[in-house]
Amino acid sequence: MPNPSLLILAGDGIGPEVMAEVKRIIDWFGAKRGMHFDVTEDLVGGAAYDRHGTPLHDDTMARAQAVDAVLLGAVGGPKYDNLDFSVKPERGLLRLRKEMDLFANLRPAQCFDALSDFSSLKKEVVAGLDIMIVRELTSGVYFGEPRGIFQEGNERVGINTQRYTESEIDRVARAAFELAMRRNRKLCSMEKANVMESGILWREVVTRVGKDYPEVELSHMYADAGAMQLTRWPKQFDVIVTDNLFGDLLSDLAAMLTGSLGMLPSASLGAPMANGRPKALYEPVHGSAPDIAGQGKANPIACILSFAMALRYSFDMGDEADRLEKAVERVLADGVRTADLLGAEGVAPVSTTGMGDAILAALDASL
Ligand code: NAD
């Protein structure tokens, strides 16, 4: 069997800084666990624009299509703000998502006990929280036609169209059910079937797909009620599946229940490839953080947890993903903090590399 292949696109700003810590962790798994990856690296975003005049070179795109998983840092920065829209760093990321047809966006909201004071909600509401939002990423109102601003009589009208085909709903529902099967076999689907036809179809198709997963307990909720329930008692949920627009809002809401942007990983999955693995891109939720770039202050945990998701969802190494997540939990429980995680405790922050050192030490201790 060939080694699993991984393309690293560190990108801009703090991207390369947090990715440097992930690379040390990948090396650790090779040296200590005999898990070897074929790692290649390339440019994306502003870094690619500086070299090639485009935020994603065709060769890089072709590589991304060929590997088992892509791990991305972050793109963008003030240096590129005045570029033409067509070559802005973010276009590189959008091209990856579009051409890899990554239709299921997985956003975990997990609260490490040591950080439960960080949430804006009461500690007992968030401590131990571990939920996953699956957002449809390639269709819905952000893509539907007709769209635009049109003249109607003597005023203008802005139009966007919510549009979902049965097959689009079917495939994201399947991804969510598969995920629920690996977790606690509980799935809640959210839409607005009370006021939207696309919601009625969504509910019908999700229910139909559910027949193929009788072990999963399926429930439905209107998305507005879902938002309320997520802030009232988020632990009632395990996996949530929803459309592009509602998922955009609900995943941000759920993620921030747990504190800092520097902690949040994500995965975007597409259709299975010939080897049965889904096309996949893993990336932290945060951006390139130009305000702290180059200062060794960035928290690498979001990027490290994105690699843990790759271990679990692309490489079927769930036990090793657990090992890595537990190492992060251990380090936080021991009070190790980058600057973004400092509360009122008065501890001195560690650098990006310091956090990497602590996680590597916790990995060593796990053996
Ligand atoms: P941002 O996520 O880069 O930063 C927001 C705030 O959070 C900043 O104060 C930053 O210092 C802090 N922060 C973010 N990640 C952190 C980490 N790992 N450790 C410690 N602190 C962290 O968002 P922004 O400032 O709105 O955007 C900056 C640039 O990033 C822009 O060019 C934007 O377009 C781009 N961006 C890229 C992505 C991506 O690559 N997926 C996502 C969002 C924004």
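This is a predicted model: local features need pLDDT of at least 70, side-chain atom pairs count only at pLDDT 80 or more; totals for chains, interfaces and linings use all residues.
Two strands count as paired if DSSP finds at least two bridges between them.

I looked up the E1–E2 pair: the two strands run parallel and are joined by five bridges. Leu9 has Asp42 of E2 standing opposite. Then I traced the whole sheet. It is open and has ten strands, with mixed pairing, in the order E2-E1-E3-E12-E11-E4-E5-E10-E8-E9. Its edge strands are E2 and E9, the latter covering 217-222, and each of them pairs on one side only. From one strand to the next, the twist averages 20°.

I also checked how H4 sits. This helix packs on the sheet and touches E1, E3 and E12 (278-284). The direction of H4 makes about 155° with that of E12.

Is Val39 buried, partly exposed or exposed? Its relative accessible area is 35%, and the cut-offs are under 20% for buried and over 50% for exposed, so Val39 is partly exposed. Setting aside neighbours within four places in sequence, I found Val39 in contact with Leu6, Ile8 and Ile26. I also took one distance: Val39 and Ser366 lie 327 residues apart in sequence and 24 Å apart in space, C-alpha to C-alpha.

**Entry 3, helix H3**

Next I went through H3, residues 58-66. Its buried residues are Thr60, Met61 and Ala64. Down the helix axis these fall within an arc of 100°, so they line one face of H3. The general rule is handy here: an α-helix has 3.6 residues a turn, so residues three or four places apart point the same way. On the face turned away from the buried side I noted the exposed residues Asp58, Asp59 and Ala66.

E4 is mostly covered, with six of its seven residues buried. I looked at both of its partners. With E5 (residues 130-136), E4 pairs in the antiparallel sense over seven bridges, and Arg107 has Ile133 of E5 as its bridge partner. With E11 the pairing is antiparallel again, over three bridges. There, Asn105 stands opposite Ser268 of E11.

I turned to the voids. Rolling a probe the size of a water molecule over the atoms shows where empty space is left.

How many cavities of 30 Å³ or more are there? The count comes to one. The largest cavity has a volume of about 40 Å³. Among its lining residues I listed Gln162, Tyr164, Glu191, Lys192, Trp202, Asp243 and Phe246. H7 (residues 197-210) supplies the largest share of that lining, three residues.

The largest pocket has a volume of about 800 Å³. It is lined by 33 residues, and the closest to its centre are Leu93, Leu94, Arg97, Arg135 and Leu137. The elements giving two or more residues to that lining are E3, H4, E4 (104-110), H9 (244-256), E11 (265-272) and E12. Which element gives the most to the pocket lining? H4 does, with seven residues.

A cis peptide bond joins Glu145 and Pro146, with omega at about 0°. I placed Pro146 in strand E6, residues 144-152.

Arg185 has a phi of about 55° and belongs to the loop between H6 (166-182) and E8 (186-191). At 37% relative accessibility, Arg185 counts as partly exposed. Asp316 also has a phi of about 55°. I found Asp316 in the loop between H10 (301-313) and H11 (318-333). With a relative accessible area of 63%, Asp316 is exposed, as the cut-off for that class is over 50%.

Terms used: Residues are numbered from 1 along each chain as its sequence is written. Side-chain values use heavy atoms; hydrogens and water are left out. Buried means under 20% relative accessible area, exposed over 50%, partly exposed in between (1.4 Å probe, protein chains only). Helices (H or I, at least four residues) and strands (E, at least two) are DSSP runs, numbered from the N terminus. The arc is that of the directions from the helix axis to the C-beta atoms. Axes are lines fitted to C-alpha atoms, for helices over the stretch in contact, and angles run from 0 to 180 degrees between N-to-C directions. Contact means heavy atoms within 4.5 Å. On a 1 Å grid over the protein atoms alone, a cavity is a set of points where a 1.4 Å probe fits but cannot get out, and a pocket is an open set with protein on both sides within 12 Å along at least five of seven lines; lining residues have an atom within 4 Å of a point. Grid points are joined across faces, edges and corners, and a volume is the space filled by probe spheres set on the points.
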